[in-house]
Amino acid sequence: MFTCSAPGKMILFGEHAVVFGRPALALAIDLRISCKVSSSDQYTVNGHAMRKRHHAYISASLDEAWDGPPIDVDTMSKIPAASGLGSSAAVTVSCIASMTSSKGRLNPEKIARMAFEVENKVQGIASPTDTSTSTHGHGVLVSPHKLDDFLWKIEKGTLVWNIHHCDVPRLRFVVGYTGIHAATGPLVAMVKKLVDAENDAKKVIDRIEEIVLAGVEAVKKSDKRRIGDLMNENHTLLNQLGVGHPALDKLVEACRKHSYGAKLTGAGGGGSMIALTDEPDRVSKEIEMAGGEAIPISVGCDGVRIERRA
Ligand code: MEV
């Protein structure tokens, strides 16, 4: 068995809409979780007896990927929990990788598939965006269509998500964490109910899809102004879906002056926002002055990897 680590993620465009099979663009970030698995005489997590409800993602990962004798699972995280930065995906991916890596080799497609099943089970509904980004790293374009740089395909019911590698240009982002924990499952369920019931909400999802497609082109050209404008519009649309929060708006507003654009990232309802900027120190100060925690990040980092033999 091995110690493996996996990165968190930020969704640049397309969260929530991707749950309906629409495209999304996500980038791996340089905050990681590592997971060490070693043999034991009982199941433990970080020295405590494993409890299904308390350790939902790890326990579901065991059900999905492990059929051996009891193990100790030890995790170390640099990603704030329930912050919109992909901590549950990273813990799931790094645990599954540690359980399934054999002869020092990882099978990313198998890990991404299993990790998606775990997130879907624990969250109730999910897209494979977070888990595939944490597995592959770099940038990930999720699309209903198979395009260049295809990695793997994940299906659930009638929905198909094609996962593609995406090169990430040098872009500087600052995360603003509100400190407000927001569980993804209930937010996704709320948006689904709204979109199923209201035509206006469906139109918002249609517009988010257009933003993702335009965003992919802007990222290819490294066109920061265009990326920023699209981020601002995506933020407004997410508010229209009801997943915003006054604390997020406050941080987004505080960053506007020295950023190309800013938006909430992930499920919303609290959690984090991101700002694209050439002045990360200035934007970090603005976030802190507005009551948030500023986390300057690098994007496009490695996906899941083996750190050492356990
Ligand atoms: C959460 O990081 C992203 C959502 O789109 C949910 C998902 O894709 O599973 C809100």
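## Exercises: ligand site and helix packing

Of the 13 residues around the ligand (a heavy atom within 4 Å), K9, H16, A126, S127 and D130 come nearest. The model is predicted: local features need pLDDT of at least 70, side-chain atom pairs need 80 or more, and totals for chains, interfaces and linings use all residues. Residues count from 1 along each chain, and side-chain values use heavy atoms, without hydrogens or water.

**Exercise 1.** Describe how helix α2 (residues 87-100) packs on helix α4 (residues 129-136).

*Solution.* 
- Get the geometry: the axes, fitted to C-alpha atoms over the stretch in contact, come within 9 Å and cross at roughly 55 degrees.
- List the contact (heavy atoms within 4.5 Å): A89, A90 and V93 of α2 meet D130, T131, S134 and T135 of α4.
- Sort by class: 3 nonpolar, 3 polar and 1 charged.

**Exercise 2.** Repeat for helix α1 (residues 56-65) and helix α3 (residues 108-123).

*Solution.* 
- Their axes come within 9 Å and cross at roughly 130 degrees.
- α1 and α3 are therefore oblique to each other.
- The contact of α1 with α3 has 7 nonpolar, 2 polar and 5 charged residues.

Definitions and conventions: Axes are lines fitted to C-alpha atoms, for helices over the stretch in contact, and angles run from 0 to 180 degrees between N-to-C directions. Helices (H or I, at least four residues) and strands (E, at least two) are DSSP runs, numbered from the N terminus. Angles under 35 degrees count as roughly parallel, over 145 as roughly antiparallel, 65 to 115 as roughly perpendicular and the rest as oblique. Ala, Val, Leu, Ile, Met, Phe, Trp, Tyr, Cys and Pro count as nonpolar, Asp, Glu, Lys and Arg as charged, and the others, Gly among them, as polar.
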